[in-house]
Amino acid sequence: MAKLDLAFQLSANADGVAAGVAQADRELSKVGASAKATAAEFRQAAKITAELRTPTEKYADTIGKLDAMMQKGILSQEVYGRAVAKADAELKAATSSVDDMARAASVTERIVNGLSGAIGGIGDATKSVADAGVSVIAFGKDIAYTYFQWKLFNSIRNPAGLKDFALGALKGAMAARTMILAAKALGIGLALGGGAAGTAAAAVLGLSNPLIGGALLAMNLGKAFLNAKDRAFEMAAAITAGTVSLESLNAELGQVQAQQVDNLAFAMEEATAAGERSESAFAGLADVFVTPFVGAFAAIQSGLAGFTDGISGVVEGITSILSPIAQVIAPVFTLIGTLVEGVLKFVGVMAEALGVVLKVAGAVVHTFLSPFIVGLTNVVEAIRSGMNAAFGYIGEQIDWASQKIKDFYAFMSKVPIIGRAFASGEKPATQAAAGAEQAAADAAGSPAKDNLDAELEMYGTRRQNEEAIADARRKADDDQAARDLQMYEARRANEQAIADARRKEQEEAAKAAEKAAEEAAKEQQRRAKEAAAIDEKAAAKQEDIDKVVAERAAALGGKSNEALKANDVRSSEGMAQFLALATGREDPAIAEYRKQTQKLDEIRGELRALQTEKVTILNGAGA
Amino acid sequence: MVIIDYTELATVAASRKFGEAPTYQRKFVVEVDDPATKQNEIANATGVEFLSPHPEASYCKAMNVSVSNYNGSRWHYEVTWDYELPKQQNVDPNPLARADIWKWSTGGLQVPALYYYDTGDTLKVLQNSANDFFEGVTTDISTLQASISGNRPTFDYGLATTVTNSVNSSAYLGGAAYTWKCSGIAANPAVEVVNESEIRYWQVEVTLEYRPDGWPLQLPNVGWNYLDGSTKKRCYVIDTDSGDKVPSSNPQPLTTGGAISTGAPTVLVRRVHKAVNFQQYFGTPTQQ
């Protein structure tokens, strides 16, 4: 019966999930547009956050990742040791300034405190929702038990139905047992991935038997939800108690809040690369499911609370209807049972659809939802607030209708002839039961006062239940308001930190730009002086060149004023001069001219070198 | 104051040396009636006068005479006549009538040695085996110097200035025109007494120099500048490496038109001395 109870509980949860997901999908379509528009801002913010991370934070992140990977067996001890040594070296190199470390640690501490407050609120909400879920589950058990009784009663009334019931229950139990054993054998347990695999298996089996498929789907989803709820609850409790360390918090949720935002923001812009994320990123992303499903489960549980109330009202209505009519219109019961069966099958189908939706949602969430956690949380909380307000309003209207019905019964009880039929008020079922019991009591001789007492007791119990529900709603509203406030403060602190970081960055950039401009100006002046000195040298050398060239040109263009000295060829000097010319002896001026040309080439080379040096100076880096 | 008598002393002095002209001496004692008799009358009282031949050697002429008291007597005088061979033939007692005396000497000038005489007196270029000239090697060429000594009653120094350093304008003494040059003219005053007559005159000495290759300059036609059309420009040489024109450090050969040239320069023969008629001024040597 435990499996059957779980199936009923999870079927009810799936119904709530379907409604919640449909509503969330509508809201998400609105939020998605604005979220996409602000994706770049998220990415920028994530980058700023990542850039503001201190070497110690980076070191802690790195060590946390390495620890997680080593625990999963991905890294060997040797590789782990080398990676830690590298991280140590980088930390030592980066932590040259103790002030920077202290300032960074302060920023980190503020962020973590904000996150801790938010997560603590979520944990508290989850815990309260879980408590409410326990009552819902108990109520589901009652419904299941009533349903089982009704089916048994129907079977007794119809032996053929009893046979079908027995066979169906047997088949369902065997199939469920088989799937559980198979899931365990495959190692697909409580993790959400295992739940997804089980959901897929349930979808396949559901094709042959919707009841079994729905039960298995609900079972796996329920296990995943419960597991997520337990993990979120334990985490929130640990944060609240202060027993969680910063590293473990970063490992569990810190990556979800900051690092995954960056990663998924990248994934939005680089959708093609989204599927190529590293195994560690997928492992971290798998943990992300814990957080949204805590909220989802809280919403579902909250929905179930309202749903249960509604069902309670329906059952009460049905009871009130069936009690006076049961003895008259027996076939109507069968019709109602058929309707209930149809509802259950519909729930099974919806659960299958939910499985598909969840798969799609899983893919979407895989790519998109993580960056939008904050926005989604706000939206979901808004939805929850709206829904609570709506259902509160509906509850008030129902109470008003119930009061009107009571008034109607009171009025009708005063009508002659038929007034007696309404003498028992708005509790026809009770009246019917009371009638039956009255008949039995009449037969047994029991007094009618007992019936009245029982009616009063039921009324008191219902009032207590309604007050408990109202208290729970007020408490939930207060908690929601507190969470909104904490979220607002955390967001504001985060925005303030980002604004401060941006302002500081802008100031530093402005100072750096001013300093760079000043240095550039000095450098420019220095280069200008060097260039001027080079120009002077170049001008001097060019002047030398021009002088020599001009002298050459003048020498060739003008005439010589040198005295002509010639001797008689019959003298030694004259004959030497004659022979020098006669034998074609090279004029010494040529040798001198070559030396001069070589010197000119050297000067030109120096001039070119100076020009090259000047170009290098004026066109160099920073010029 | 009459010459009473004279007597030739027996003492005869004669001197002969091989290869030299002989000399003789005659002594006379002249007796006078008056101690104040003129010395010229006493010397000529012996019948001997200047250029009188010696009785034994007529080629010796009376050239010197001296008169002195004989043994302390105031009325006896000793007259000594020295006879010598005159250097000039037919010497005239009148110095202005004497012929000019030509004296000759030879010399040499150092010139670059460019040629040499090979076997068979074949004239060849003096070069080494690589056909390079030996610069600085010199040789001598012969020159002839003529010194003319003559007595002139006057000395025209203007003419002497004009003639000095002039060359012969026409062939002279076997040399072509411009081969003789008057190197200098010197004149010294002189006086002689001939027949008791005082004759004053100038002993003029002219030096002539003969150069076989002539006295005009032989200059290479080179210069620092050349004519480019009508523009004078600086001479240049071509740098064979770069082909650039380089202002030359030495004068460069020129063509006859003044353009720049290459190779051996032409030789400009330029006479820088005026030419005069040497025959007119200096005559020809007389046979002595």
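How much accessible surface does chain B have, and what percentage of it belongs to carbon and sulfur atoms? The accessible surface of chain B comes to about 16700 Å², and 49% of this belongs to carbon and sulfur atoms, where accessible areas come from the Shrake-Rupley method with a 1.4 Å probe and, for residues, only the protein chains shown count as cover. This is a predicted model, in which local features need pLDDT of at least 70 and side-chain atom pairs count only at pLDDT 80 or more, while totals for chains, interfaces and linings use all residues. Residues are numbered from 1 along each chain as its sequence is written, chains are lettered from A and ligands numbered from 1 in the order in which they are written, and side-chain values use heavy atoms, with hydrogens and water left out.

**The two chains**

- Chain A contains 17 helices and 0 strands, whereas chain B contains 3 helices and 21 strands; helices (H or I, at least four residues) and strands (E, at least two) are DSSP runs, numbered from the N terminus.
- Of the 623 residues in chain A, 30% are buried, and of the 288 residues of chain B the buried share is 33%, with buried meaning under 20% relative accessible area, exposed over 50%, and partly exposed in between (1.4 Å probe, protein chains only).
- Chain A exposes about 36000 Å², of which carbon and sulfur atoms supply 62%.
- Among contacts between residues at least 6 apart in sequence, 77% join residues at least 24 apart in chain A, and the corresponding value in chain B is 62%; contact means heavy atoms within 4.5 Å.

**Helix 3 of chain A**

- Helix 3 of chain A covers residues 55–71, and its 17 residues should span 24 Å at 1.5 Å a residue, which agrees with the 24 Å between its end C-alpha atoms; the expected span is 1.5 Å times one less than the number of residues.
- The buried residues of this helix are A:Glu57, A:Ala60, A:Asp61, A:Ile63, A:Gly64 and A:Leu66.
- Just after helix 3 of chain A comes A:Gly73, which takes a positive phi of about 80°.

**Helix 16 of chain A and its cover from chain B**

- Helix 16 of chain A (residues 572–582) has A:Gly574, A:Met575, A:Gln577, A:Phe578, A:Leu579 and A:Leu581 as buried residues.
- The cover of these buried residues includes parts of chain B, namely strand 6 (101–112), strand 13 (217–220), strand 14 (222–223), strand 19 (252–253) and strand 20 (267–270).
- A:Gln577, which is found in this helix, is buried because its relative accessible area is 15%.
- Leaving aside residues up to four places away in sequence, A:Gln577 touches A:Lys565, A:Ala566 and A:Asn567 as well as B:Pro220, B:Val222 and B:Pro251.
- The C-alpha atoms of A:Gln577 and A:Ala566 are separated by 8.0 Å, the two residues being 11 apart along the chain.
- Just after helix 16 of chain A, A:Gly584 has a positive phi of about 70°.

**Individual residues of chain B**

- B:Tyr116 lies in strand 7 (residues 115–118) of chain B and is partly exposed, with a relative accessible area of 32%.
- Not counting residues up to four places away in sequence, B:Tyr116 touches B:Thr122, B:Leu123, B:Lys124, B:Val125 and B:Leu126; B:Leu126 is 10 residues from B:Tyr116 in sequence and 5.8 Å from it in space, C-alpha to C-alpha.
- B:Leu51, in the loop between helix 1 and strand 4 of chain B, has a positive phi of about 65° although it is not a glycine, and it counts as partly exposed at 21% relative accessibility.
- B:Leu173, in the loop between strand 10 (167–168) and strand 11 of chain B, has a positive phi near 50° and is a residue other than glycine; B:Leu173 is partly exposed, with a relative accessible area of 30%.

**The second largest pocket**

- About 950 Å³ of space lies in the second largest pocket, and of the 35 residues that line it, B:Val91, B:Asp92, B:Pro93, B:Arg98 and B:Glu192 are the closest to its centre.
- On a 1 Å grid over the protein atoms alone, a pocket is an open set of points where a 1.4 Å probe fits, with protein on both sides within 12 Å along at least five of seven lines, and lining residues have an atom within 4 Å of a point; a volume is the space filled by probe spheres set on the points.
- By class, the lining has 17 nonpolar, 10 polar and 8 charged residues, where Ala, Val, Leu, Ile, Met, Phe, Trp, Tyr, Cys and Pro count as nonpolar, Asp, Glu, Lys and Arg as charged, and the others, Gly among them, as polar.
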